[in-house]
Amino acid sequence: MRKDAYPEDTGLDYLEMAKGKEPQGKEAQPPVQTDFKLIGRPTPRIDGHLVVTGRAKYTHDIFFKDMLYAKILRSPHASAEITSIDLSAARSLPGVKAVLPLKEGRVKYEGEQIAAVAAVDENTAEEALRLISVEYKVLPHVVSPEKAMAEGAPRVHDSANVEKLNEYSRGNIDQGFAEAEVTFERTYRTAIEIHHPVETHASIAKWDEDALTVWDSTQAIFSVRDGLARALGIPATKVRVIKMYMGGGFGSKLSFNEHTVAAARLAKEAGRPVKIMLSRKENSLCVGNRPSTRITIKGGAKKDGTLTALSLKNYTCGGVARGNSGSEPLIDIYKCPNVKVEELTVYTNTGGGRATRAPGHVQGTFALEGFMEEFAAELGLDPLEFRRKNYTTSNLGGTGIVYSSKGLDKCYDIGAQKIGWDRRNKRPGDGQGKKRRGLGMGSQIWWGAGVPGTLADIKLHRDGSVEAVSGTQDIGCGTRTYMATIAAETLGLEPQDITVKIGDTTYPWAPISGGSLTAPSVGPAVRDAALKAADHLKDMAAKKLNVPAADIVLAGKKLYDKNHPENAIVFKDLVGQLSRETVFHGERADLPAGFAYNTFGAHFAEVEVDTETGRISVLKHVAVHEVGRILNTLTAESQVVGGITQGISTALFEERVIDESLGKMVNPNLQTYKIATSMDMPEIVPLFVDLADPRINNLGNKGLGEPPRIPSSAAVANAVYNAIGVHLREIPMTPDKVLKALRDKEAGS
Amino acid sequence: MEKATKKKSRTVTRRAFLQGLGGGAAGAALATRIRGQAGGVGQAGVTLSPALSQKSINFKVNGKSLSVDVEPRESLLEVLREKLKLTGAKKTCGRGECGGCTVLIDGQAVYSCLFPAVRADGKQVITVEGLAEGDRLHPVQQAFIEKDGYQCGYCTPGFIMSSVALLNDIPAPSPEQIKAGLSGNLCRCGNYVKIYEAVASASQKMRKD
């Protein structure tokens, strides 16, 4: 039996991926075209009809003949030793086709896998789980980070419960504070939140002789393929992973999962396809969460607001896995020569953290931007002016290399104007009455340059039809649609003319869909392939039309001489003259060295706080982002709207609650784990500073997945501060905390 | 467009949630009674005789008359997805919290995960697969595409069915009525405001046609 065969997924590995490699490229790409006809327009999704008619197939929706259903028995204890396990009764239940032990020895959190069964239907599988008898020796557990840090706390792993996660320094922090005329220190806390994609994690495993095909609800088909190959001890060439549609992931589906391995092993044993779909409770317990943070920031500044020093200490908790580093925004976004960071992770007997849309940055930005707002008030400065005062055009707080493009200043200008920044309370809490309004803001930085080496093909068929192919994933961001748009733009066609094929490891390699990587990785690869196809067709047309290839234009489903547009050949007719179907390989090129590539944005929120009930209503939320060129304004807006909605949800509602004495989660469902609903929505204004980055790639686009998620919670919290004059410094800002803060303020504490 | 049979006009909030919940309790009681008669604990689907454990129901799904054998413990959602392979309605929570399984039963939006399949006997069920007429999409479906009223698309069938029920009840809803009418459905990608736009646009279009 395998023991701890699967390394815990961590946010850190993901951050490394999101950051990308050091730029390697020697020279800039050819100049980015600016006069696009399709790219940058609002294009409805090319597969929308499949989604709205219920015909889009998600992993849950796929069935095979003789398919079995798997379920996993999970530990009810936060910490225990398995002393015996008896699978015989489950094995002999009619309808059960395979049973697997998955764990021996110690279990470290509620929901850890113990055994798996596969049966003819879900009810029988459920019955079989009840027939498995496991004896546990229950061990002491610890579920709160504070208690885990205490002397004599039960150890979660063999090593200490507190471990170094990250450290960083530049300049001289002591000198920085010595130069300061004002110093200020505050501590901010964020809760553990659960991803809760609407489609729970699911996999189907099907063997054909020694080859395995897996349909998986995943953001990362190649990671699943390689993980399965390793876990099963078979070559990657024998594993194929397919993902057609996926019902949300937000980071929880970035790595391959234990339950997928279990499905594959059960399928092998039973000789039949096996499907596993996790329950909402399992989704709450054992496939990740956003780690909590307790971040203390100390800053030093001159009276005019010039920052001289920033230090950050973070205690983060990701249960049995490592927590999140939350220091990147502080390290990068403001000009500051002296910085010191120390981050520690605290282990508890709870489900492990995973990357969650903008891991670390959501928490770190809530802390940093709350601090900036409070420090501005201490200095008697407008918080936006304070931020502008410390603006930088190079990374590492002005001590590093210059940004290839940075439009944060424009985001500030547009956002402040759209929200009516002048309407804010000049001093936090100046408002009167039972319902008080306030305005707040937050700044955003993230990576989003994409992954050099990403592949895509353009395939021309002799009947004139065109395929764009890449082993990427559409996780809801409209990947299929921008691939079609880029191919159509380059070949003079319409998006509907392109058949997009993605989500299969038999296609050319593409990275995980997470970390704002997909569009700046796959988009340029498709563009590269399509440009090669266009060049080939232009050469062919030049010969047919007797003009130089440089004079051939590809537009309106034709190729023609730009000087004599009537001298033309129809696209389909020209492609029909290819000697065979022809594939053009595209690759996302290296990033030119010597520059920093980042995305930026600013959010502005207006809230109303009911001082009698403690209820916070967000009234308006303006988001302005600079993420290079926008590929599709319609789907880009949706991504921003989603980032804001999730940020409001985090700011106001979301928290995993664990009973300390039992070590069990008390809200593992969508009824008691609160998320934002349609009733909680403000007016949302999603805007872009649409600047093509001149050197990042052949389209000038950056990623957009994380950016709108990053400053949204911070902006809401800062607006609450502006409304009531006291910063809660803790999310979610539930009514009880608001009322307590107001009471404490009145009491003068 | 598909004209779902409308029962009565009323204020739409969490709609048939309570109705569905009541049905769930009744269904559970029924299942217990039948299992009790057989004297078995658990294993209901395996050891009980088909005569006791199965009931044949006749109902219309997307206009088609069907007869299906169902177990008393099966929800309408399970029958739609597993037996009829109509996978538009999704199982997201399985307990009436999210609306991903919303279908129309006699014109009313209902959480099919809480609705015992046996109670569908004699009813007209419309799922998201039954809204379009051939290639011609329902105006609500069309509006979801045009306004980008989705991201991952998994909650979309539920939202579309709730929107259709809302517009059947209130053809010209106010923004507040749209919010309330969709409050029984969760979208984790967070696209609610785009969904409002889609519903408002469909409402306009349907009144014009």
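Of the 749 residues of chain A, what percentage count as buried? In this predicted model, the share of chain A that counts as buried is 60%.

The overall dimensions of the chain can be set beside that figure. The C-alpha trace of chain A spans about 85 × 75 × 45 Å along its principal axes, and its radius of gyration is 27 Å, which agrees with the value near 27 Å that a compact globule of 749 residues would have. Within these dimensions, chain A contains 20 helices and 29 strands. If one considers the contacts in chain A between residues at least 6 apart in sequence, 80% of them join residues at least 24 apart.

One pair of helices can be followed in detail. Two packed helices are described by the angle between their axes and the distance between the axes. For helix H18 of chain A, which covers residues 633-652, and helix H19 of chain A, which covers residues 712-724, the packing angle is about 55° and the axes lie 7 Å apart.

Taken by class, the residues of the contact of H18(A) with H19(A) comprise 5 nonpolar and 5 polar ones, with no charged residue among them.

Technical notes. Residues are numbered from 1 along each chain as its sequence is written. Chains are lettered from A and ligands numbered from 1 in the order in which they are written. This is a predicted model: local features need pLDDT of at least 70, side-chain atom pairs count only at pLDDT 80 or more; totals for chains, interfaces and linings use all residues. Helices (H or I, at least four residues) and strands (E, at least two) are DSSP runs, numbered from the N terminus. The radius of gyration is taken over C-alpha atoms; the globule rule is 2.2 Å times the number of residues to the power 0.38. A residue is buried if 20 or more other C-beta atoms lie within 10 Å of its own, exposed if 12 or fewer, and partly exposed in between; C-beta atoms are placed from the backbone. Two residues are in contact if their C-beta atoms, placed from the backbone, lie within 7 Å. Axes are lines fitted to C-alpha atoms, for helices over the stretch in contact, and angles run from 0 to 180 degrees between N-to-C directions. Ala, Val, Leu, Ile, Met, Phe, Trp, Tyr, Cys and Pro count as nonpolar, Asp, Glu, Lys and Arg as charged, and the others, Gly among them, as polar.
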